[in-house]
Amino acid sequence: MVKVNENYLKLKAGYLFPEIARRVKAFQEINPGAPLIRLGIGDVTEPLPEACRLAMKTAIDDMGRHEDFHGYGPEQGYAWLREAIARHDFQARGCAITAEEIFVSDGSKCDSSNILDILGEENRIAVTDPVYPVYVDSNVMAGRTGDADGQGQYGGLTYLPITAANGFVAPLPSTPVDLIYLCFPNNPTGAGASRAHLQQWVDYARSHGSLILFDAAYEAFIQDPDLPHSIYEIEGARECAIEFRSFSKNAGFTGTRCAFTVVPRGLMGQSSTAEPVELWGLWNRRQCTKFNGVSYVVQRGAEAVYSAEGQVQIKALINFYMENAAIIRRELTAAGFEVYGGEQAPYVWLKTPAGTDSWGFFDQLLSRAHVVGTPGSGFGAAGEGYFRLSAFNSRANVNEAMSRLRALGT
Ligand SMILES: *Cc1c(COP(=O)(O)O)cnc(C)c1O
């Protein structure tokens, strides 16, 4: 019999969303026709910006003419998209990132998992708690953790709790780590990170020879002009950080698929014999071998995000979701909840009422308000006692969900 990768047998996750689905299904069987509102999923709801759709239609017509047809593109992405990204997302903010350092891909979920291909197995890994489950599970699958304990925490990982007590910023680890996953603005807590906080991490990484894997999928949602949008706005970050970006949330590309990863030239790791090795070359080699690029049509759609019309349209999209977040924050606060997040990211993170744990609150909200959210404990042990509501929904659904919550009282 063929042997399986036993690391998959250690996985606890795949637990959160299937468990939500199971409870919702059970509820619906008893209460058929109850008007459910789902504020649980991290997926966008608004249509693609017109600029992106028009650019993709034109690109489809290109594909119908011999002279404009595109077969395999460069594995790293087309130069015109990489240049637009480097100019608008980095150089315009004072970051010295060049087109050559941008690797276009079909998603930052895949990139943040695939990056492990080029990193050694002996690296000590730190994640925040709560955390985007992909960072943890991809390490489990790659055999870089031990087994999970009763709380779902894996042996060998360093968990950095982010809670109200520390203002939802990741504390520096007390034992040295080599690889640090940071996501700001944060999913699930909705917290932003200040320049000073990120500077602490960059200083830590430089003095310990560590690598920061910085997930900036939500940078476009930042409202505070003092918060950095990229880790490369921080002095020294080119020497110690890889950044993941995506068109999924800012431009509604969750179903269209386009993202990119920034690997600065001169960012070094080392071999077991302490020889310095440039990570750019390894990632380039990895992509050329295992990836054949994002479709021409989709890359044209992504390029349109940077057009004048595209910029206006994505700002309107982001404002729409952030107004939803403001409504959720305001209504929950008025109802007496302790509310966090929702100001720099489309997620509101609330404290569950005293005496009710995350899943208890999930059940109450489902049965009494017919609203589905996400239990904080599903993102990690330190998420217990918290609950995530997503601002990705129609205005009507958000208003209706909030009026049901108001009617509940606390
Ligand atoms: C939505 C999201 C992404 C984007 O993933 P894609 O694969 O590009 O759609 C990345 N990181 C986090 C934390 C997210 O929530």
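Are Trp349 and Phe379 buried or exposed? Trp349 is buried, and Phe379 is buried too. Buried means under 20% relative accessible area, exposed over 50%, and partly exposed in between, with a 1.4 Å probe and protein chains only.

This is a predicted model: local features need pLDDT of at least 70, side-chain atom pairs count only at pLDDT 80 or more, and totals for chains, interfaces and linings use all residues. Residues are numbered from 1 along each chain as its sequence is written, and side-chain values use heavy atoms, with hydrogens and water left out.

Helices (H or I, at least four residues) and strands (E, at least two) are DSSP runs, numbered from the N terminus.

**View B. Phe168 and Arg257 have positive phi.**
Phe168 is not a glycine, yet its phi is about 60°. The loop between β4 (157–161) and β5 holds Phe168. Phe168 is buried, at 5% relative accessible area. Arg257, also a residue other than glycine, has phi near 75°. Its loop runs between β7 (241–246) and β8 (259–262). Arg257 is partly exposed, at 30% relative accessibility.

**View C. Trp201 and Tyr204 pair within helix α6.**
The structure holds 26 aromatic pairs. The Trp201–Tyr204 pair is edge-to-face, at 5.8 Å centre to centre and 70° between the planes. Rings of Phe, Tyr and Trp (its six-membered ring) pair if their centres lie within 6.5 Å; planes under 30 degrees apart count as stacked, over 60 as edge-to-face and the rest as tilted. Trp201 and Tyr204 are three residues apart, about one turn of the helix. Trp201 is buried at 0% relative accessibility, and Tyr204 is buried at 7%.

**View D. Trp349 and Phe379 link distant parts of the chain.**
Their ring centres are 6.2 Å apart and their planes lie at 65°, so the pair is edge-to-face. Trp349 is in strand β12 (residues 347–351). Phe379 is in the loop between β14 (374–375) and β15 (386–390), and the two residues are 30 apart.

**View E. Lys351 lies over the face of Tyr386.**
The distance from the ring centre is 4.7 Å. A charge sits over a ring if NZ of Lys or CZ of Arg is within 6 Å of the ring centre and within 35 degrees of the ring normal.
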